[in-house]
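Welcome! Please take a moment to look over the model below before reading on.

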Amino acid sequence: MTALSPVLKQATGVLAARGEGAVLYDEAERRYLDFTAGIGVTSTGHCHPRVVEAAQRQVGTLIHAQYTTVMHRPLLTLVERLGEVLPAGLDRVFFANSGSEAVEAALRLARQSTGRPNIIAFHGGFHGRTVAAASLTTSGTKFRSGFSPLMAGVHIAPFPDPTHFGWPAEQTTDFALSQLDYLLQTMSSPADTAAFIVEPVLGEGGYVPANERFFAGLRRRADEHGILLIVDEVQTGFGRTGKFWGGDHFAARPDILISAKGLASGFPLSVIAAPEELMGKAWPGSQGGTYGANAVACAAAVATLDVIRDEGLVANAADRGSQLRDGLQLVADKHEAITDVRGLGLMLGNEFRDAAGKPDPATASAAQQEAARRGLLLLTCGAWGQVVRFIPALVVDADQVDEAVGIWADAVSAVV
């Protein structure tokens, strides 16, 4: 009998049958608040009518038109619309299917355009599971172990994580930047360093935001040494953090931006963006792929952009995120087991630690599972799995946030 791989660990036991907005229903019609959003993918919620209509219309006319063979209108429209939201100067785009593919394309562009071999990533980052992307990933050994050797030329610098180091944010940032300088002096000469790659908020690494001083330091060093700054917005992009791009919180000025997840409301699509001069340095034939810029996915992405704009979802993410954070903090204030509530917009994490101050994945998992039993779907993250994350669709409303906080309060009380 054929079955799924036994190493695919299910976060919940729910067998989803249908979804509407921030809600899922199982085959018995039991309702669940979905505060996972497919790991941040269903940005406009499950089955938004405008996204459904756009995809259905496109399926009826043209499903796939490989975009280095022929062009199609949804692709051209999407390129034009992305120009309205991308950071200034990033005026050339390349499409793929997944975040990992886009990361690999960004690395290839960085190395080809600079002629340099090395990449510096930051501790706790998650950039994907394919070989090059996994080589940059240090949010957990499960993503990079057991299939060595990984890609050469990767060096890891500290990320300014005050919770991990136990220092104030300013001291942590000074340490991270000083260690980056030490790395550039001792392990990867600036003349050998093609790019820095960094998430504005660590995703799998525990929902830890960076800060403006850190990004200013990266930008200054990149400019000084001719190093490219790649900002990985796979999870933080498209309004998730309460600004359109997570880097907007920190005045980040990327040379290459990577996005996926919320781009097409559940259809596989990813993108890298760079200035014309930089993108033009990619070697001929180095960009391509069979399914990238699929016509249905592009149509869904255009509809997603329409919904985000017309329904004010970036502002809603900021407002509902503030409401959610306040509610989660009230729960944390009642339980010593939750030592930190952090994040931006609708990307919030609750860190669990034991009485000795050590990461407590067992309690985090118990709370996540209890919440699921009570009708609230959540995920864990962090190096030890000690963080429970809230990442609902950007269409979530105030009543749903209050309901989720109430369920979470009961779930935590039941397990600690």
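How do the residues of the lining of the second largest pocket divide into nonpolar, polar and charged? In this predicted model, that lining holds 7 nonpolar, 11 polar and 5 charged residues.

**The second largest pocket**

Let us stay with this pocket for a moment. Its volume is about 410 Å³, and 23 residues line it. To find its centre, look for His123, Gly124, Asp161, His164 and Ala383, which lie nearest to that point. Helix α6 (residues 162–165) supplies the largest share of the lining, with 3 residues. The second largest pocket lies between domain 1 (16–47 + 313–414) and domain 2 (51–311), because both of them give residues to its lining.

The protein chain is divided into domain 1 (16–47 + 313–414) and domain 2 (51–311). Their contact takes 34 residues from domain 1 and 32 residues from domain 2. Taken over C-alpha atoms, the centres of the two domains are separated by 25 Å.

The size of an interface is often given as the accessible area lost when the parts come together. Here domain 1 and domain 2 bury about 2,600 Å² between them, and 61% of it is on carbon and sulfur atoms. On the domain 1 side, Val314, Leu344 and Met347 lose the most area to domain 2, together making up 26% of what that side buries.

**Salt bridges**

The count for the structure comes to 22 salt bridges, while the count between domain 1 and domain 2 is 1.

| Salt bridge | N to O distance |
|---|---|
| Arg31 and Glu403 | 2.9 Å |
| Glu204 and Arg389 | 2.9 Å |

The side chains of Arg31 and Glu403 meet in a salt bridge. This pair links distant parts of the chain, with Arg31 in strand β3 (residues 31–34) and Glu403 in helix α13 (residues 398–415), 372 residues apart.

**A cavity to look for**

How many cavities of 30 Å³ or more does a search of the whole structure find? The search finds 1. About 50 Å³ of space lies in the largest cavity. Its lining is made of Pro87, Val231, Glu233, Trp245, Gly247, Asp248, Ala252, Pro254 and Leu257. By class, these are 6 nonpolar, 1 polar and 2 charged residues.

Notes
Residues numbered from 1 in each chain as written. Predicted model: local features only at pLDDT ≥ 70, side-chain atom pairs only at ≥ 80, totals over all residues. Heavy atoms only, no water. 1 Å grid on protein atoms, 1.4 Å probe; cavity = no way out; pocket = protein on both sides within 12 Å on 5 of 7 lines; lining within 4 Å. Points joined across faces, edges and corners; volume = space filled by probe spheres on them. Helix = DSSP H or I, 4+ residues; strand = E, 2+ residues; numbered from the N terminus. Nonpolar A, V, L, I, M, F, W, Y, C, P; charged D, E, K, R; others polar. Domains from an automatic or database assignment. Contact = heavy atoms within 4.5 Å. Buried area = accessible area lost by both parts, 1.4 Å probe. Salt bridge = Lys/Arg side-chain N within 4 Å of Asp/Glu carboxyl O.
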